[in-house]
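Dear colleague,

Please find below the sequence and structure that I am handing over to you. My notes on what was found follow directly after.

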Amino acid sequence: MGGPVTRPRRSDGRGGRPGAAGRRCAVCASEQVPDGEPDARRLVTVLHATFFLLLGSSMARFVQRHGGEAHAPWVPALAVALALLYVAGSWRGGPAVPLLPPGARVPWPPVRRLVWLGAVVVAWAVLVEMAPSFGWVAVPLFYAALRTLPPPAAYALVTVLTVFVILAQLTLAQRFDLDLVIGPAAVAAFATSVFTQMQRQAARQRALIGDLIRTRRELAAAERRAGTLAERQRLSMEIHDSLAQGLSSQRMLLQAADRTWDADPAKARGHVRAAASIAEHNLTEARRFVHDLAPADLARGGGLPQALRALAERSGDDRLTVRVHIDDPGGVELPDPVCSALLRIAQGALANVREHAGAATAALTLTVLDDQVVLDVADDGRGFDPAALPEVPSGVRGHGVPAIRARVRQLGGTLTIESAPGEGAVLTAAIPLEQPQ
């Protein structure tokens, strides 16, 4: 079979600026979307219900105990005003701290939200001054402050609200009790810690989701690039095993005709006719290649055995005799990818024999077994050292044995080459009939 025949990364082509994906992710993460998520909506619903429940129970308690006092009508009126003010802010979408990546600086909300929160806090403070029993309405307001302001300002406002609650409880008790100080402070600390932890966990989840989406897109792009490179390699091997080998044969025949034109015109004309026949076959191959990349010999019918016989007839001349032996007792119909690969392997092997082996005879043997199909290409040429063959193409002439090895591997088969200097060569390609998924 002779010595090896050798042959000659692409960028992703997206042209994206470094860090652009990261900036887009940060922008997505900063969208004010917590209230649009199911868990966040449920939390907001619970907070609204808690606010109105506490406000209603406090107003009922006040009316029950202080309904006859002079300032009594003002307290329910102010409570109703506070409820309407709270509803107005919630109806406009409600405040929401943006979900930024961990460690990012939280921006201040729009002025209208600051005005709304300030009006609610002032109305509540006046109401607590008039009726201390409204103090516990501050618990939902803790979350309103935490959902509206950046953390430092929110913590400060929660502290102020907690002080109002403590003073209201001490006023109702009319004596100092340490539990009335520790209780509101503990509730405020617990509520603040829970909300802060929820926000941080949501931000981490949002960042993780962004990373997963970006990774999935990058993986899809990498798979597309890998598929493109594999297709380019396959096309290059198809061209080498069909058109390039045909052109090489034509050149050799025309050179032989030129050498014998004067001495033996009849033989020279035979070479020219053989070159013309190969050119005609190459034209058919090129048209089929453009149509569906199937080998033209297979497209004529008769399956792989007939295609191998046509290849042998076309490859033989006065210097090389190619014989074909088919061992297929069951008449198994081989899959199209296997037939195409084996025919290309035979073309590549015979091209190597013609160009490098200096052989007088070559033999193609196709053996179909129960679980695999085996193609043997043997020649009586000068032989070579199989260990010297490259695993991958390393030159610019063509593909040769590395291309054959790649085809066999793509179909999950094995390639064996037995040769020694002066003793010819045998190339064996075994392809399993059950292709791996």
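I begin with residues 114–146: this span is 79% helix and 0% strand, and its end C-alpha atoms lie 12 Å apart. Helices here (H or I, at least four residues) and strands (E, at least two) are DSSP runs, numbered from the N terminus. The model is a predicted one, in which local features need pLDDT of at least 70 and side-chain atom pairs count only at pLDDT 80 or more, while totals for chains, interfaces and linings use all residues. Residues are numbered from 1 along each chain as its sequence is written, and side-chain values use heavy atoms, with hydrogens and water left out.

The helical part

The unreviewed UniProt entry lists residues 43–63, 75–94, 114–146, 153–172 and 178–196 under "transmembrane region". UniProt positions are given in the numbering used here, feature names are shortened, and such annotations may be inferred rather than shown by experiment. Over residues 178–196, the chain is 100% helix and 0% strand, with 27 Å between the end C-alpha atoms.

Helix H4 (residues 111–130) comprises 20 residues and reaches 29 Å from its first C-alpha to its last, close to the 28 Å expected at 1.5 Å a residue; the expected span is 1.5 Å times one less than the number of residues. Its buried residues include Arg113, Trp116, Leu117, Val120 and Trp124. Buried means under 20% relative accessible area, exposed over 50%, and partly exposed in between (1.4 Å probe, protein chains only).

Aromatic pairs

Rings of Phe, Tyr and Trp (its six-membered ring) pair if their centres lie within 6.5 Å; planes under 30 degrees apart count as stacked, over 60 as edge-to-face and the rest as tilted. By this rule there are five aromatic pairs. One of them is stacked: phenylalanine 51 and tyrosine 86 are 3.9 Å apart centre to centre, with 10 degrees between the planes. This pair links distant parts of the chain, as phenylalanine 51 belongs to helix H2 (residues 38–66) and tyrosine 86 to helix H3 (residues 74–91), 35 residues apart. Phenylalanine 51 and tyrosine 86 are both buried.

For tryptophan 124 and phenylalanine 164, the ring centres are 5.8 Å apart and the planes stand at 55 degrees, so the pair is tilted. Because tryptophan 124 lies in helix H4 and phenylalanine 164 in helix H6 (residues 151–173), the pair ties together parts that are 40 residues apart in sequence. Tryptophan 124 has 1% relative accessibility and therefore counts as buried, whereas phenylalanine 164, at 32%, counts as partly exposed.

Leaving aside neighbours within four places in sequence, leucine 172 is in contact (heavy atoms within 4.5 Å) with Arg61, Pro132 and Ser133. Leucine 172 and serine 133 are 39 residues apart in sequence, and their C-alpha atoms are 7.3 Å apart in space.

The sheet

Five strands form an open sheet of mixed pairing, in the order E1-E2-E3-E5-E4. Strand E1 (321–327) and strand E4 (414–419) each have a single partner strand and stand at the edges, so one side of each is left without a neighbour in the sheet. Neighbouring strands are turned by 10 degrees against each other on average, direction ignored. Two strands pair if DSSP finds at least two bridges between them.

E1 and strand E2 (residues 361–368) pair in the parallel sense over seven bridges, and arginine 323 stands opposite alanine 363 in E2. Helix H10 (residues 303–315) packs on the sheet, touching E1, E2 and strand E3 (372–379), and its direction makes about 170 degrees with that of E1. Helix H12 (residues 400–410) also packs on the sheet, touching E4 and strand E5 (425–432), at about 145 degrees to the direction of E4. Axes are lines fitted to C-alpha atoms, for helices over the stretch in contact, and angles run from 0 to 180 degrees between N-to-C directions.

E4 and E5 pair in the antiparallel sense over six bridges, with valine 426 in E5 as the bridge partner of glutamate 418. Their hairpin has five residues between the strands, and glycine 422 takes a positive phi near 85 degrees there.

Histidine 325 lies in strand E1 and is partly exposed, with a relative accessible area of 46%. Leaving aside neighbours within four places in sequence, histidine 325 is in contact with Leu364, Thr365 and Leu366.

With kind regards
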